[in-house]
Each structure stands twice: as structure tokens, then as C-alpha cells.
Amino acid sequence: MIFVLSRRCSKMLCMAGALACLSITAAQAATPEQSVSELVQRFATAQGTFDRATLEALTVENYIEISPLGEVDPRAKMLSFYVKHDDKPLPAITVDEITPRVLGNAAIVLAKVSYAMTVGGQTRTASLRSSFVAQQQDGAWKLVSAQYTPIRPSAAPAK
């Protein structure tokens, strides 16, 4: 009798353990919103480190972006910008105010992208409102396009 009970308890404990593992795995799985938000973060990090290989991996072949100057840049032109030519310090890039909207296998991510760079010994900063379009391909999210709109600096308070 004790053997039968212990066998039942063992089976129940195994099933409970398996269910617990499944629920932990499900809880750790990223939502599509988290995945596209992370994609944008990884893209900005790659921009800040001039990591051309990662930029290429995170974008589709027909990627296109609208630069802060309003220029239409295909992927090849965007990638050509991220070749470090000298020992100038790399820009610090931060992304916040991320708002992802997932629409099936496509997503739009709105964000604020801020840059800090040293030019001539002085630190200059700029912030942009950015929109990113992503598409899920073969289970992975990739960027299809981006558009950057400069945010005007706040006016100095009147005296």
C-alpha cells in the first residue's frame, strides 16, 4: 500500500514539476511588443557602436529610412554611414518613450531617440521622434523602415 501511494505521489510530483517548468518557460517568453521594443533598442545600440554587421542583420534587404534631414536613404546608404573612419568618440544613443503597436506580423514602434556626441571638444545633444516599422519573418522581427524627426529644443524662458 505504501508503495502504491508513493508511486502515485511520485507521478503527481513529476506532473507538478513539469507544469511548473512549462509555466516558467511561458512566463519568460517575450511578447511581440517586448520583442519589437528590444529590436529598436538593439538597432540603436548598433548605431552607437557603428556595428554594421548587426545593423545589416536587424534590417530587411529593402529597408529604407527617412533621415533627420528628410533624405530618403535605402539600406545600402544607411549601412555606408556606419563605417568608423577615425578615432572620434562614438555617440551615446538612448531610446526611451517606446510605444510598440503590433498588427499581426507587422509592428510600428514610436520612440524618442537621443544622441550625445563630442564635436570639437564640446558635447552636443539632439533628440528625435522616431517611428520604426518591423515585420516578422521566419519567427524573427526585422526593421523594414525608420523615420526620424528632430525635436526642437525648448525655448529659453523669457526674462
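How many aromatic pairs does the structure hold?

**Entry 1: ground rules.** I noted that this is a predicted model, in which local features need pLDDT of at least 70, side-chain atom pairs count only at pLDDT 80 or more, and totals for chains, interfaces and linings use all residues. Residues are numbered from 1 along each chain as its sequence is written, and side-chain values use heavy atoms, with hydrogens and water left out.

**Entry 2: aromatic pairs.** I looked up the pairs and found six. Rings of Phe, Tyr and Trp (its six-membered ring) pair if their centres lie within 6.5 Å; planes under 30 degrees apart are called stacked, over 60 edge-to-face, and the rest tilted. One of the pairs is Phe-50 with Phe-81, which is tilted because the planes stand at 35°, with ring centres 6.2 Å apart. Phe-50 is in the loop between helix 2 and helix 3, while Phe-81 is in helix 4, 31 residues apart. Helices (H or I, at least four residues) and strands (E, at least two) are DSSP runs numbered from the N terminus.

I then checked Phe-50 with Tyr-82, an edge-to-face pair at 5.3 Å centre to centre and 70° between the planes. Tyr-82 lies in the loop between helix 4 and strand 3 (92-103), so this pair ties Phe-50 to a part 32 residues apart in sequence.

**Entry 3: accessibility.** I used these classes: buried is under 20% relative accessible area, exposed is over 50%, and partly exposed is in between (1.4 Å probe, protein chains only). Phe-50 has 21% relative accessibility and so counts as partly exposed. Phe-81 counts as exposed because its value is 55%, and Tyr-82 counts as buried because its value is 10%.

**Entry 4: positive phi.** Most residues other than glycine have a negative phi. I found a phi near 55° for Phe-50. Asp-138 also has a positive phi, about 50°; Asp-138 sits in the loop between strand 5 and strand 6. Asp-138 counts as exposed because its relative accessibility is 85%.

**Entry 5: the largest pocket.** A pocket is an open set of points on a 1 Å grid over the protein atoms alone, where a 1.4 Å probe fits, with protein on both sides within 12 Å along at least five of seven lines; lining residues have an atom within 4 Å of a point. I counted 32 lining residues, with Phe-50, Phe-81, Tyr-82, Tyr-115 and Met-117 nearest the centre. Helix 4 (75-81), strand 4 (106-119), strand 5 (122-137) and strand 6 (140-150) each give two or more residues to the lining.

**Entry 6: the core.** A nonpolar core is a set of buried Ala, Val, Leu, Ile, Met, Phe, Trp, Tyr and Cys residues joined through side-chain atoms within 4.5 Å. The largest one has 27 residues, and Phe-43 and Phe-132 touch the most other members. Helix 2 gives the most to this core, six residues. Phe-43 and Phe-132 also belong to one aromatic cluster with Tyr-63 and Tyr-148. I listed contacts of Phe-132 (heavy atoms within 4.5 Å). Leaving out residues up to four places away in sequence, Phe-132 touches residues including Val-40, Phe-43, Ile-108, Leu-143 and Tyr-148.
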